[in-house]
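Grab a pencil and work through these exercises with the structure open beside you. Try each task before you read its solution.

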Amino acid sequence: MGENQSGMVIPKHVAIILDGNGRWAKKRGLPRTMGHKEGCVTVEKTVELAARAGIEYLTVYGFSTENWKRSSEEVGALMQLFRYYMVRLLKIASSNNVRVCMIGDRTRFDADIIEGINRLERETKTNTGLTFVIAVNYGGRDELTRAVRRIASDCAAGRLCSEEIKEETVASYLDTAGMPDPDLLIRTSGEIRLSNYLLWQLAYTEIYVTDCLWPDFNQEELEKAILAYNKRERRFGGVK
């Protein structure tokens with residue numbers, strides 16, 4: 001964790017549940033898809049803001065395993081948006097030295113989306129600035145279930161001894177292997193729940209909830225979250 005010029009401690013890893021796209025659109029008499037489109041613009045801006053602020057990892061909840069339950073029209077529109085913004089994101093990442101990673105089970109997506117994800121990761125892997133992590137077809141329980149399956153398979157094959165499994169072992173089987181746990185979780189639109197997001201990784205994360213709807217999130221809102229984070233005393237279960 002670093003400090004900015006004003007002496008504020010900048011969290012190394014910020015995770016965001018970007019909620020409120022639908023409500024933002026409804027308030028303006030627009031279809032939900034317009035809220036998602038505006039939300040994508042806010043994601044672009046937030047990547048640049050986070051990079052300038054000195055945040056090293058930014059993880060956003062793009063599409064959950066539960067989002068498939070939405071109407072076929074909305075899911076289809078989200079997939080088209082995803083296709084469009086993957087191309088835009090590649091340009092943004094290149095111009096801001098950003099490395100892009102995806103977490104979640106990408107196998108359910110159409111082949112062109114899978115290739116787009118692979119291309120984003122491949123063409124940005126040598127960038128040395130902010131690591132931008134997008135959770136797509138992601139759910140915390142699904143991630144843990146997939147990790148348990150792999151651990152069980154490796155134990156059965158003799159590659160892993162069950163008696164030697166530690167927390168670090170489990171972490172190494174998660175989608176976020178090699179990444180630090182989030183220091184700060186931001187949730188927009190005022191909802192106070194984790195929504196099956198990074199259940200293992202958020203064990204000691206500071207949580208900040210704002211009523212701001214995601215499309216309205218901006219530099220001022222990010223600074224408010226970081227200011228609130230600076231007022232917390234992180235004890236990780238101990239006593240200071």
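**Exercise 1.** Work out which hand the crossing of H2 and H3 has, and at what angle the two helices pack.

*Solution.* In this predicted model, the crossing of H2 and H3 turns out right-handed. Next, the angle: H2 (residues 32-53) and H3 (residues 72-96) pack at about 20°, and their axes are 10 Å apart. Angles under 35 degrees count as roughly parallel, so H2 is roughly parallel to H3.

Now look at who makes the contact. From H2, the residues include His 36, Cys 40 and Val 41; from H3, they include Leu 78, Leu 81 and Arg 88. Sort the residues of this contact by type and you get seven nonpolar, three polar and six charged.

**Exercise 2.** Find out whether Asn 21 is buried or exposed, and which residues it touches.

*Solution.* Start by locating Asn 21: it sits in helix H1 (residues 21-27). Its relative accessible area is 10%. Buried means under 20%, so Asn 21 is buried. Beyond its sequence neighbours up to four places away, Asn 21 touches Gly 35, His 36, Gly 39, Trp 214 and Pro 215. With His 36 there's also a side-chain polar contact of 3.4 Å.

How values were computed. Residues are numbered from 1 along each chain as its sequence is written. This is a predicted model: local features need pLDDT of at least 70, side-chain atom pairs count only at pLDDT 80 or more; totals for chains, interfaces and linings use all residues. Side-chain values use heavy atoms; hydrogens and water are left out. Axes are lines fitted to C-alpha atoms, for helices over the stretch in contact, and angles run from 0 to 180 degrees between N-to-C directions. Helices (H or I, at least four residues) and strands (E, at least two) are DSSP runs, numbered from the N terminus. Angles under 35 degrees count as roughly parallel, over 145 as roughly antiparallel, 65 to 115 as roughly perpendicular and the rest as oblique. A crossing is left-handed if the near helix is turned anticlockwise from the far one by less than a right angle, and right-handed if clockwise. Contact means heavy atoms within 4.5 Å. Ala, Val, Leu, Ile, Met, Phe, Trp, Tyr, Cys and Pro count as nonpolar, Asp, Glu, Lys and Arg as charged, and the others, Gly among them, as polar. Buried means under 20% relative accessible area, exposed over 50%, partly exposed in between (1.4 Å probe, protein chains only). A polar contact is a pair of N or O atoms within 3.5 Å; within protein, one must be able to donate a hydrogen and the other to accept it, and residues adjacent in sequence count only if both atoms are side-chain atoms.
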